[in-house]
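Walk through this model strand by strand, then helix by helix. Keep the viewer open as you read.

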Amino acid sequence: MTYSSLIVERLKNVVLITLNRPDALNALNNQMMDELSIVLNDCETDDDVRVIILTGGEKAFAAGADIKEIADKEYLEFYKDDFIEKKWEAVNRCRKPVIAAVGGYALGGGCELAMMCDFIIAADNAKFGQPEINIGVIPGAGGTQRLTRLIGKSKAMDMILTGRMMDAEEAERSGLVSRVVPIETLKDEAIKVAEKIATMSLPTTMLAKECVNEAYESALDAGVRFERRIFQSLFGTQDQKEGMSAFIEKRSADFKHK
């Protein structure tokens, strides 16, 4: 299937999704988010897809929501359409690992979209920000919530109230991104990481993701209980038996994803 605002590439067990509205700095419009939801849903139901990479261009991952598309909307229109939740949260709902590979600007909705992914690999030219305050609104796709959890209240307040941007070095230092790489190697590095994850047992990576996300939703004692039950449940999988047998026998595991 072809898409007007995305480039979708299949790399064996990895799907690389590139946001592709370069003339608009990959501004996130309804069409792009509709297409992204379709691709992610397809990835969810395809047993051969084990990891997803979401990236943009060298100049911009995504410079925010398409303001021209939403400037004249009214509250009830947003509310009735369930704007953001219905389309944008597809990334957050995805159960398989999703990596954001961010080069250039990730601003407003672009920063929020990257934070919906499981972790961010940033190019050395990346710039992150929530500049909505400059146009009379606040972040609406989780920016005030996810950014605060990732970098802390003080820095989040600073960025959201002033609209300032954070460069890649500060983003890594603050815990927003997992690593920083040269822009020239961003895509290759993201693919290398994704391919590494794809060698693991898919049920295990999905459950590991669920456990880490639970840490943000529950108290420590409840989270630890949740983790323990998931750990115990994995002993009912073929991949646990294969993984531990391979370790004992000093060979590479041959996971069947069951």
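Strands count as paired if DSSP finds at least two bridges between them. Helices (H or I, at least four residues) and strands (E, at least two) are DSSP runs, numbered from the N terminus.

This is a predicted model: local features need pLDDT of at least 70, side-chain atom pairs count only at pLDDT 80 or more, and totals for chains, interfaces and linings use all residues. Residues are numbered from 1 along each chain as its sequence is written, and side-chain values use heavy atoms, with hydrogens and water left out.

Now widen the view. The open sheet has 4 strands in the order S4-S6-S8-S9, and its pairing is mixed. Strand S4 (60–62) and strand S9 (165–167) form the edges, each pairing on one side only. From one strand to the next, the twist averages 20°. Helix H6 (residues 109–116) packs on this sheet and touches S4, S6 and strand S8 (127–129). The direction of H6 makes about 95° with that of S6. Such angles run from 0 to 180 degrees between N-to-C directions, with axes fitted to C-alpha atoms, for helices over the stretch in contact.

Next, turn to helix H13 (residues 238–248). Asp239, Gln240, Glu242 and Ala246 are buried there (under 20% relative accessible area, 1.4 Å probe, protein chains only). They lie on the same side of H13 because they cover an arc of only 170° around the axis, taken from the directions from the helix axis to the C-beta atoms. Helix H11 (202–214) is included in what covers them, with contact meaning heavy atoms within 4.5 Å. Just after H13, lysine 250 takes a positive phi of about 55°.

Technical notes
Buried < 20%, exposed > 50% of the residue type's maximum accessible area, 1.4 Å probe, protein only.
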